[in-house]
Amino acid sequence: MIPKSRLYTLVQSWKNKPFQAVHDTNSPTLGSGTNDAVSLEADALWSKRQSISFEPIFNSSGSKLGGVLFNPLLHAEDSQVLRLFMDGLDAIQYWQSFSKPIPTILPIAAKTLCQPTQVDAISDLILNSRLPVGLVALGIMNLPSAPFWHDYQAGLARLRRIGLMLQLLYFSGSAQEIAHLDEMRFDGVHLSAQQLRTNRLEHQAIADLAIVCKKHHGAIYVGGISLVSDLTAAQTLAATYCYGGLMMPPVSRHQLLQINDSRLAKAIFSVKPQ
C-alpha cells in the first residue's frame, strides 16, 4: 500500500478541524484567550473555504463536469490577485488529494501580466504547487492597449512556457483577438449567452473563431447560460463547454467533489421533440 502523503494528512486534519473548533468554542471550560483566538481563527478559515466561489463547467449536454471557473478573481483588486491565486491553487490541490483532478480557470487581468514582479510571483506559485500540467488555466481578461502589448505578450509567453493553459474570457470578435488567439495558440475562448441572444457577434467573427479553435484544438465555452434557449444556441454553435445558472449555480470547493453532471441540462436535452 502506498503511504499517505503529507498533503493527504493535512487535508484530513483540515476536514476534522471545524467540528472540534465548534465544540471548543461552545465549551464552558475554554482555556486561555489564546485558545479562543485559535478556535476563532480555525472557524474563520473553515468558513472561508466553504465560500461559494467555484462555477462548475459542463460539456454542452451537461453529462460531464469539464472544469471550474474561480469567480473571486474576476473582480480582484491588484493587491488581492496573488492571495486569491493562492486560494485557487489550494482548491485544486484539495481536489487532487481526493483523487479528483478538476481543470480550473483562474481569471487574471492582462494588465497584471504587464508587471514582471507579478509574473515572477505567479510563476513561483505555480512551480511550487507542483500541480500536473493541464489542471491550471489562465483566463485572460481585458487585453491591454498598444503601449503595453509587448510587456503583456512577454509575461504571457513566460507563463505559457511553464505549462499554464491559456483561455480568453469576454471574447468580442475583434480582428486583434482572432490574431492573438492564433499567435499564442489559446486553449479556450469564452463567449456569453447574452452575446448569442442579441446577435452581437458577427457571423464572420464566429467563423474565424471556429477556424482558429479547430487549428489549435481549442475549446469554445459559453457562459451565463440561464435559459433553455441559451443551451440550444450553444449547441447550435457547437460549443464544447457551457456554464451558468441553468447548468448549475456556483458551489463551494467541498460541494464540487460531489458533482458529476448537470442533471437539469441532461434532462432538457433528453426530451425528444414530438
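Figure 1. Helices (H or I, at least four residues) and strands (E, at least two) are DSSP runs, numbered from the N terminus. The model is predicted: local features need pLDDT of at least 70, side-chain atom pairs count only at pLDDT 80 or more, and totals for chains, interfaces and linings use all residues. Residues are numbered from 1 along each chain as its sequence is written, and side-chain values use heavy atoms, with hydrogens and water left out.

**Figure 2. The two sides of H5.** Trp 149, Tyr 152, Gln 153, Gly 155, Leu 156 and Leu 159 are buried. Seen down the helix axis, these buried residues fall within an arc of 165°, so they line one face of H5. The arc is taken from the directions from the helix axis to the C-beta atoms. An α-helix has 3.6 residues a turn, so residues three or four places apart point the same way. His 150 and Arg 161, on the other side of H5, are exposed. Buried means under 20% relative accessible area, exposed over 50%, and partly exposed in between (1.4 Å probe, protein chains only). The buried residues pack against helix H4 (116-129), strand E4 (136-141), strand E5 (165-168) and helix H6 (175-184). Contact here means heavy atoms within 4.5 Å. Gly 163 follows H5, with a positive phi near 105°.

**Figure 3. Helix H6 and its neighbours.** Glu 177, Ile 178, His 180, Leu 181 and Met 184 are buried in H6. They cover an arc of only 165° around the axis, which puts them on the same side of H6. Ala 175 and Glu 183 are exposed on the other side. The buried residues of H6 pack against H5, E5, strand E6 (188-192) and helix H8 (203-215). Arg 185 follows H6; its phi is positive, near 55°.

**Figure 4. The largest cavity.** A cavity is a set of points, on a 1 Å grid over the protein atoms alone, where a 1.4 Å probe fits but cannot get out; lining residues have an atom within 4 Å of a point. Grid points are joined across faces, edges and corners, and a volume is the space filled by probe spheres set on the points. One cavity of 30 Å³ or more is counted. The largest has a volume of about 30 Å³. Leu 181, Phe 186, Val 189, Val 212 and Cys 213 line it. By class, this lining has five nonpolar, no polar and no charged residues. Ala, Val, Leu, Ile, Met, Phe, Trp, Tyr, Cys and Pro count as nonpolar, Asp, Glu, Lys and Arg as charged, and the others, Gly among them, as polar.

**Figure 5. The second largest pocket.** A pocket is an open set of grid points with protein on both sides within 12 Å along at least five of seven lines. This one holds about 350 Å³ of space. Its lining has 24 residues; Gly 66, Gly 67, Pro 103, Tyr 221 and Tyr 241 lie nearest the centre. Strand E2 (65-70), strand E3 (104-109), E4, E5 and strand E7 (219-223) each give two or more residues to the lining. E2 gives the largest share, four residues. The lining divides into 15 nonpolar, six polar and three charged residues.
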